Amino acid sequence: MQTFLSSLMTYLTEADIALIREDLTFKRDASLRVNTLRTTDSEALKSLAALGIHPVAFPNIDHAYTITRDEEYTIKGNPIFNSGRIYLQSISSQIPALCMDLSPGMNVLDACAAPGSKTSQIMALMNGRGHLDALEPSPVRFSKLERTIYMLKVPNTDAHKMRFQDFHAQNPDKIYDRILLDVPCSGEGRLDTLDGEAVTISLHKHQAERSFELLSLAVGHLSKNGRIVFSTCTMHPIENEEVVARFLELHPEFQMVTIDHAFVAHLDRCSLKERVAAKFPKEVLEKSLRIRPSRKLEGFYVAVLERKK
């Protein structure tokens, strides 16, 4: 872990590093989302109270609650979880779908969908009305995606066991109102599960190239007034700001959208060192959302892209 912290020190501010060091001494809280496709908050909270569990609502995010790790273990063995009425999903993981500006009836693509947490959240945000294509090439992860869709009773959703590249080749003219690219990454934001010794600059660059390819593919599938949400669970700028800045340079018809939801004020944020930040356009720095790993949150990066009007 010391090697990993040394890596963070090359691009995050000293203040952020100090906060991360402090929070590493604590076990991160768990969190859940009430699946409104199956139940209501009041009914779910009533069932949890019967187990002696009293979740704490996360400010300004509907249906999102924090719980202790011990409470998480209790929930996993209970019918309220197995029936799909609640879903154990980190707060940070819920942010990208909330930034999609979804409405019932939209046509949506979740291009990196497994295990299905955001897939199910997207359809819940559309009140079960609309259509969603969910892609996942890995057989093991695709099984998890199918299980989530089944357990949470996610309607109007087609799961495809294929890469976005292959889906594009078979459906070159398919157009979407919203596209979520929660891309595979080095996972630096998940400190409780991270193998810090395995995270290298080569890995960052490899993941960044994959992400840029997916982002470029998404352009041809986006409607005129559509929106792409790009997200990772890592903090390294090579996989985040660098990918977005490169995309905007090649696609001047796109612009970033400020993420100004009320919940942003309650997130633990982090910033790049000045010399690192100087490499990126002002728009990318000001409109990116960087979430610092903390006692309540996983590290995450979110950028919202739209065609210029």
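This is a predicted model: local features need pLDDT of at least 70, side-chain atom pairs count only at pLDDT 80 or more; totals for chains, interfaces and linings use all residues.
How much accessible surface does the chain have, and what share of it belongs to carbon and sulfur atoms? I looked that up before anything else. The total is about 13600 Å², and carbon and sulfur atoms hold 51% of it.

**Overall build**

I went through the secondary structure and found 13 helices and 12 strands in the chain. Next came the dimensions: the C-alpha trace spans about 55 × 50 × 35 Å along its principal axes. I also checked the radius of gyration, which is 19 Å and agrees with the value near 19 Å for a compact globule of 309 residues. Of those 309 residues, 55% are buried. For contacts with a separation of 6 or more, I get 76% between residues 24 or more positions apart.

**Charges**

I looked at where the charges sit. The chain has 38 positive and 39 negative ones, and their mean positions are 2 Å apart.

**Helix H6**

Is helix H6 mostly covered or mostly exposed? I went residue by residue through 91–98 and found it mostly covered, with seven of the eight residues buried. The buried ones are Ile 91, Ser 92, Ser 93, Gln 94, Ile 95, Pro 96 and Ala 97.

**Ile 201**

I then turned to Ile 201, which lies in helix H10, residues 201–219. Its relative accessibility is 43%, so I log Ile 201 as partly exposed. Which residues does Ile 201 touch, leaving out those up to four places away in sequence? I found His 236 and Ile 238. His 236 is 35 residues from Ile 201 along the chain, and their C-alpha atoms are separated by 9.4 Å.

**Aromatic pairs**

I checked cover for each partner. Phe 230 has a relative accessible area of 0% and is buried; Tyr 301 is buried too, at 0% relative accessibility.

Phe 247 and Phe 254 also form an aromatic pair. I get 5.2 Å centre to centre and 65 degrees between the planes, an edge-to-face arrangement. Both of these Phe residues are buried.

Definitions and conventions
Residues are numbered from 1 along each chain as its sequence is written. Side-chain values use heavy atoms; hydrogens and water are left out. Helices (H or I, at least four residues) and strands (E, at least two) are DSSP runs, numbered from the N terminus. The radius of gyration is taken over C-alpha atoms; the globule rule is 2.2 Å times the number of residues to the power 0.38. Buried means under 20% relative accessible area, exposed over 50%, partly exposed in between (1.4 Å probe, protein chains only). Contact means heavy atoms within 4.5 Å. Accessible areas come from the Shrake-Rupley method with a 1.4 Å probe; for residues, only the protein chains shown count as cover. Lys and Arg count as positive and Asp and Glu as negative; His and the chain ends are not counted. The place of a charge is taken as NZ of Lys, CZ of Arg, CG of Asp or CD of Glu. Rings of Phe, Tyr and Trp (its six-membered ring) pair if their centres lie within 6.5 Å; planes under 30 degrees apart count as stacked, over 60 as edge-to-face and the rest as tilted.
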